[in-house]
Amino acid sequence: MSGRIQLLDCTLRDGGFGLEDAEKNELSSKRFQAEDIDHIIDHLTCSRIDIIELGTVEITRDDRRGFAIYPDMESISEKIPEDRREGQIYTAFFRGPDIPLADIPDWNPSLCDAIRVIIRYSEQQKSLDFCKALAEKGYKVFVQPMLTMRYTREEIGHLIAAANEMKAFALYFVDSYGYMMQENIAELFKRYDNELDPGVKIGFHAHNNMNLAFANVLAFLEQSTERNIIIDSCILGMGQGAGNLQTELIVDYLNKRYSFRYDYDEILEICEIIEKYNADNIWGYSVTRLLPALNKAAYKYAIVLRSRYHLSYSEINAILRNIPEDLRHRFTTQNTIELLRRNGYDPDITDGGKRLS
């Protein structure tokens with residue numbers, strides 16, 4: 001690796017999603033305190049992290065700032081500190097192409113520099129057109145194909161062509177369900193590197209369902225390229241399900257291996273803040289979060305089957321091992337009920353082990 005490495009911390013965004021999921025599933029009622037959000041941003045700024053994700057922009061009637069979710073670009077951009085370091089990038093996240101383009105202002109220096117957009121698999125072209133329009137508005141655009149392993153070779157080619165056409169800031173591969181292996185990383189990286197224009201960065205967002213996030217990022221760093229790359233991480237791995245690569249792990253590695261100058265003490269200060277949000281173990285490795293990765297299925301199935309229906313690990317594994325393709329990647333309450341019925345369980349009974357007679 002001889003290209004420039006940049007580190008993107010997405011603690012607030014992915015951590016906010018994790019808190020939101022935990023509240024929806026009645027696992028926790030914690031939300032970010034306003035002062036903690038400000039302290040996290042200040043410490044990340046002082047740590048010299050290259051790219052700082054401030055949260056998500058989403059149309060909502062409720063006040064969801066405790067999940068770092070803001071109603072518009074102007075609101076999230078107010079979180080940019082006045083003493084930002086030279087070269088640091090602040091970004092906002094969109095969960096898809098849902099916000100009317102007319103409601104998103106053209107970029108100006110008071111706004112976040114960049115927008116990261118999930119490419120919704122069911123709306124690939126709409127998502128890519130949305131990204132292109134944001135690029136035309138002047139934003140640095142990160143193209144984020146969620147669950148990249150789901151894409152066919154032809155669909156990957158379409159992503160690459162679209163990223164080139166819009167002059168995207170970065171095209172990612174995203175291990176949404178945490179089952180990527182090192183050979184998958186090498187294969188995707190080679191394809192991206194061979195076909196992307198030189199100015200498009202390659203990014204990697206790792207999840208920790210199989211405790212492989214750090215190992216997979218090391219494999220990502222070992223790829224031979226002159227291209228600039230981006231690594232995502234979160235403090236204490238905070239995020240949805242099993243969480244992500246830990247910022248405190250990768251910062252120390254980059255400082256020692258590549259002589260980076262991230263301020264580690266600033267990272268430790270954020271660890272002190274984030275630690276209190278995981279008293280209920282709402283993220284991190286667990287057998288419950290491992291099983292869907294082993295079976296290449298949406299991780300929320302296992303969480304609900306365990307927490308709401310109280311099934312054993314072996315029962316969950318059996319259900320997910322035989323999951324139909326039409327249900328594999330799309331968790332919904334109704335799909336969970338359908339899985340239970342197909343496997344002989346009564347979904348109206350939630351004390352576990354109760355099969356239909």
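Visitor: At what angle do α6 and α7 pack, and how far apart are their axes?
Guide: In this predicted model, helix α7 covers residues 213–221 and packs with α6 at an angle of about 35°. The two axes are 9 Å apart.

Visitor: Is that crossing left-handed or right-handed?
Guide: The crossing of α6 and α7 is right-handed.

Visitor: Which residues make the contact?
Guide: From α6, Gln182, Ile185 and Phe189 take part. Their partners on α7 are Ala215, Asn216, Ala219 and Phe220.

Visitor: And by class, what is in the contact of α6 with α7?
Guide: That contact has 5 nonpolar and 2 polar residues, with no charged ones.

Visitor: Switching to pockets. What is the volume of the second largest pocket?
Guide: The second largest pocket has a volume of about 210 Å³.

Visitor: Which element gives the most to its lining?
Guide: α6 does, with 4 residues of the lining of the second largest pocket. Helix α6 spans 182–195, and α5, at 153–166, also supplies at least two residues there.

Visitor: Which residues line the second largest pocket, by name?
Guide: Thr148, Met149, Tyr151, Thr152, Arg153 and Ile156 are in the lining, together with Asn184, Glu187, Leu188 and Arg191. By class they divide into 4 nonpolar, 3 polar and 3 charged.

Visitor: Now the largest pocket. How much space lies in it?
Guide: About 1200 Å³ lies in the largest pocket.

Visitor: How many residues line it, and which lie nearest its centre?
Guide: The lining of the largest pocket has 36 residues. Nearest the centre are Ile118, Met146, Tyr177, Gln240 and Lys300.

Visitor: How does that lining divide by class?
Guide: For the largest pocket there are 13 nonpolar, 10 polar and 13 charged residues.

Visitor: What lines the largest cavity?
Guide: Its lining is made of 13 residues, with Asp21, Ala22, Gly241, Ile282 and Ile303 nearest the centre. The elements giving two or more residues to the lining of this cavity are α1 and α11. By class, the lining has 5 nonpolar, 5 polar and 3 charged residues.

Visitor: Back to α11, then. Which of its residues are buried?
Guide: Tyr299, Tyr301, Ala302, Ile303, Val304 and Leu305 are buried in α11. Ile303 is also among the residues nearest the centre of the largest cavity.

Visitor: What do the buried residues of α11 pack against?
Guide: They pack against α1, α10 (287–294), α12, α13 (325–328) and α14 (333–342).

Visitor: Take α12. What is the geometry of its packing with α11?
Guide: Helix α12, residues 313–321, packs with α11 at an angle of about 140°, and the axes are 10 Å apart. The crossing of α11 and α12 is right-handed.

Visitor: Who makes the contact there?
Guide: Tyr301, Ala302, Leu305 and Arg306 of α11 meet Tyr313, Ile316, Ile319 and Leu320 of α12. By class, the contact of α11 with α12 has 7 nonpolar residues, no polar residues and 1 charged residue.

Notes: Residues are numbered from 1 along each chain as its sequence is written. This is a predicted model: local features need pLDDT of at least 70, side-chain atom pairs count only at pLDDT 80 or more; totals for chains, interfaces and linings use all residues. Side-chain values use heavy atoms; hydrogens and water are left out. On a 1 Å grid over the protein atoms alone, a cavity is a set of points where a 1.4 Å probe fits but cannot get out, and a pocket is an open set with protein on both sides within 12 Å along at least five of seven lines; lining residues have an atom within 4 Å of a point. Grid points are joined across faces, edges and corners, and a volume is the space filled by probe spheres set on the points. Ala, Val, Leu, Ile, Met, Phe, Trp, Tyr, Cys and Pro count as nonpolar, Asp, Glu, Lys and Arg as charged, and the others, Gly among them, as polar. Axes are lines fitted to C-alpha atoms, for helices over the stretch in contact, and angles run from 0 to 180 degrees between N-to-C directions. A crossing is left-handed if the near helix is turned anticlockwise from the far one by less than a right angle, and right-handed if clockwise. Contact means heavy atoms within 4.5 Å. Buried means under 20% relative accessible area, exposed over 50%, partly exposed in between (1.4 Å probe, protein chains only).
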